[in-house]
Every structure is written in C-alpha cells, then in structure tokens.
Amino acid sequence: MSIMADPAPASAGEDAWKRVRDQYPVQQPLLNLNNAAVSPPPLVVQEAMIDAYRFISRNPDYNMWSKLDTALPGIKRELAELIDCSPDEIALNRNSSEGLSTAIFGIPLDKGDQVIISDWDYPSVREGWFQRVQRDGIEVFNCAFDLLDDDNDVVEAYVKLMTPRTRVLQLTHMYHWNGRVLPIKRLCDLARERNIITLVDGAQTFAQMPVSFRELDCDFFITSLHKWLGAPVGNGMLIVNRRRIDQTWPLLAPFDQPAVGIDKFDHWNLGTYNSAIQSGIAPAIQLHKEIGAARIHARLRELTRYWIGHARNIPGFRLHTPLDTHELGAIGLFSVDGMDMRRLESDLREKYRVHVKYRKVQDIEGLRVSPHVYMVKSDLDIFVSALRDALGTSAVQSAL
Ligand SMILES: Cc1ncc(COP(=O)(O)O)c(C=O)c1O
C-alpha cells in the first residue's frame, strides 16, 4: 500500500502521517522542532548514502567518478521535473550558501551599479553584497519594510528603490526568521521589465511547497536539498536561467577547459567531494513524490496552525508569522511578552527535551518552531504543554 492511502491533499488522516513518520529515523533525545535548519533524512535516504559510502571506500576514484556519478544526469532530470526547469540549468553543489555566493560573486557588475537587498535577507547574503561594495565599488540599497507588511506595500517599497542603474534585485522567497513568503513572481516581473537580474534565495521553499522556476521566471534560484527535501546534509542546488549562464562567473575556477554551460558551476568543477551524499537525492525525491508536494505543503500549514491554535491563548503570546495566507508553511515565530526568550529556548531543551530555535533580527526576538512531515499532532501537543509548563501557565484548550 502506498504511504498515503488517500489521494486528496490535506485530507490524509493522522494514521497516514504516522506511516510517513515510520519512514524516518526516530528523533531523540530531543523533539526536533528546528527542521528549517536541516531535516533528518528518511531511512531509505540514510541507507542509500551509507551503502554508497561503503561502495566508494572500496575503490574511491573509479567508484565515485566512473560509477556513482553516472546517476547524476538522471537525478538532475528528476529535480528539473520537480521544480519545472531544464536539467541543463541545474548545478548540484553543497548548499544554499555556496549557490548564493556563486551568484553574488559571479554576476558581472561595474563600479556604480546598484543592487537592492533587504534587512531580512540571510546574513551571509547581505555580507556577500557588502563585500562587493568594497571589492568592486557597487552600491547596495536596503529595502526597508516590516516582516508582516502587506504584499502590496512590500512590492511598492522595492519598486521605489529601482533606478536605471539597478542591476540586481536580491530576494528571499521565504524568510527563515518567521516563514513569511514574498510575492516573488510579481517582483521578478517588475524587475524583468526594467532589465534587472533577479536572484531568489529559495532555501526555505523548495520541497516545502510547490515551486515553479519557469513561472517565477527569475534569473537565479538557489536552494539546499537537505532542508525540506530530506536529502543527506551537504546537498544544494543552483538553478541558473539559460539566459544568464554564459555571462556568470563560477565561484571556483573550473577544471574543465573550456568550461561549458551549467557544468562550470556543477560538482564536477567544485573539486573532490563526497559523492555518496548525492546517492541520497533520488530516494528523497521518490518519497517526496509519493507523498506529493501539494499535500506536504498543506500538511505543514496544518501543523503550524495546529500548534499556534493551542498556544495562542497563553498570556502575552505574540505571533510574528502571517497566519491567514495560503503560503503559510512549516515556520512560525512567536514571543511571550516580558519573557527572556533565549532562556525559554534553553529551558525547553534542558528540562523538556524540546528543540526550538531562538531567533533575533532587528527588533524581533522569539522562538522559531518548524515541524516537518514526519511529525504528528501529538508531538505538537507535547511541545505546547512543555511551553505552558515552562511559562508556568495552565493548559487551556483553544483552536483556530
Ligand atoms: C533563507 C536561507 N538562505 C540561506 C540559507 C543557508 O542554507 P545552508 O546553510 O544550507 O547553506 C538558509 C539556512 O537556513 C536560509 O534559511
């Protein structure tokens, strides 16, 4: 029987999700509510990777490059199908940080060219652009808006900063701080009309929700495969739109001469690394497809609404994540008025074995909670009850 007996997205019952949980290693000793950082690999993924590592160890050179790597074109075709791009626009690398740096440092820019970023972009992304200010004399403009602002206000804030000298628009699809999703397609359309290159940090969206690269029509889309897809740690994907491949520099000088097409960014040209981790990508895709991208997104939204519905009547509870949106996924950020949130994070871990993540950005400080599909509602009951206990409040039921 397939894992999900019921084909309708979002309507699979808890039993079906318990079958999904059985596909994953038991999380212990902590209840793992920080999947936005890295998620555990499903058991089949773990096994595929370990088998591949044993295989490599018997004859490393031959078994990596002449054997295991022959599977990569097929893996790229499957990834391309999932995210709706061409396999020859995909480079496999180690993580989002690597893909982001490849784009940030690889786009040719001259002194005085302008780039727009925001306060909420990933810290190493901002730092990469600040380095280009120092290295190349470009100008970086910071788009200021509130994480809970309406989409129209956010779009307006970006458009206001666009000038004839703007060359790049740096965007984050879903902020890892609070799970807010930006209207990326609208922003990319506006940028394209002005000949502005778009670089989308999709570390948190790919495999958490359905994403179509063609529909977004951005120039670069970057993600990690070890977050929501569940591939082994150390797998990333850089998608470069065909129209941008030739003119973009690779981050590492390529071995291949001449460096042709997407290969200049690809693992072939990133020096020697452990191909065994790539053997876990295909089984991760397989399980993802079996459950279904839309169903995964609907379930993650359901889990987030579930714990928030049970926690929101805690005195002083403050939510920093937009709840009433179809784009809500697995990430929710909350704080409790008057409480030391860093202390609460460590109390939850030390006393209750619940792992959530303290996050502080600008004037927002709170705990980020990110369940994954291998979790069931009773896991979230454990978390909410630990939270109430840690805060010294009594359990009161509430639901959205
Ligand atoms: C929005 C965003 N961008 C980039 C990254 C970096 O990803 P990695 O650590 O896999 O390179 C993260 C990681 O959490 C992220 O959330």
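Predicted model: local features only at pLDDT ≥ 70, side-chain atom pairs only at ≥ 80, totals over all residues.
Strand 6 (residues 197-201) pairs with strand 7 (residues 220-224) in the parallel sense, over three bridges.

## The sheet and its helices

An open sheet is formed by seven strands in the order 2-8-7-6-5-3-4, with mixed pairing. Strand 2 (90-93) and strand 4 (139-143) each have a single partner strand and stand at the edges, so one side of each is left without a neighbour in the sheet. From one strand to the next, the twist averages 20 degrees.

Helix 4 (residues 72-83) packs on the sheet, where it touches strand 2 and strand 8 (236-240). The direction of helix 4 makes about 115 degrees with that of strand 2. Helix 7 (residues 151-161) lies across strand 3 (114-118), strand 4 and strand 5 (166-172), and runs at about 155 degrees to strand 4.

## Domain arrangement

The domain assignment of the protein gives domain 1 (14-32 + 292-391) and domain 2 (46-286). Their C-alpha centres lie 27 Å apart, and 19 residues of domain 1 are in contact with 16 residues of domain 2.

On the side of domain 1 that touches domain 2, the elements giving two or more residues are helix 12 (293-311), strand 10 (332-336) and strand 12 (357-361). Helix 12 gives the most, with four residues. This side of domain 1 has eleven nonpolar, six polar and two charged residues.

Definitions and conventions:
Residues numbered from 1 in each chain as written. Pairing = 2+ DSSP bridges. Axes fitted to C-alpha atoms, helices over the stretch in contact; angles between N-to-C directions. Contact = placed C-beta atoms within 7 Å. Domains from an automatic or database assignment. Nonpolar A, V, L, I, M, F, W, Y, C, P; charged D, E, K, R; others polar.
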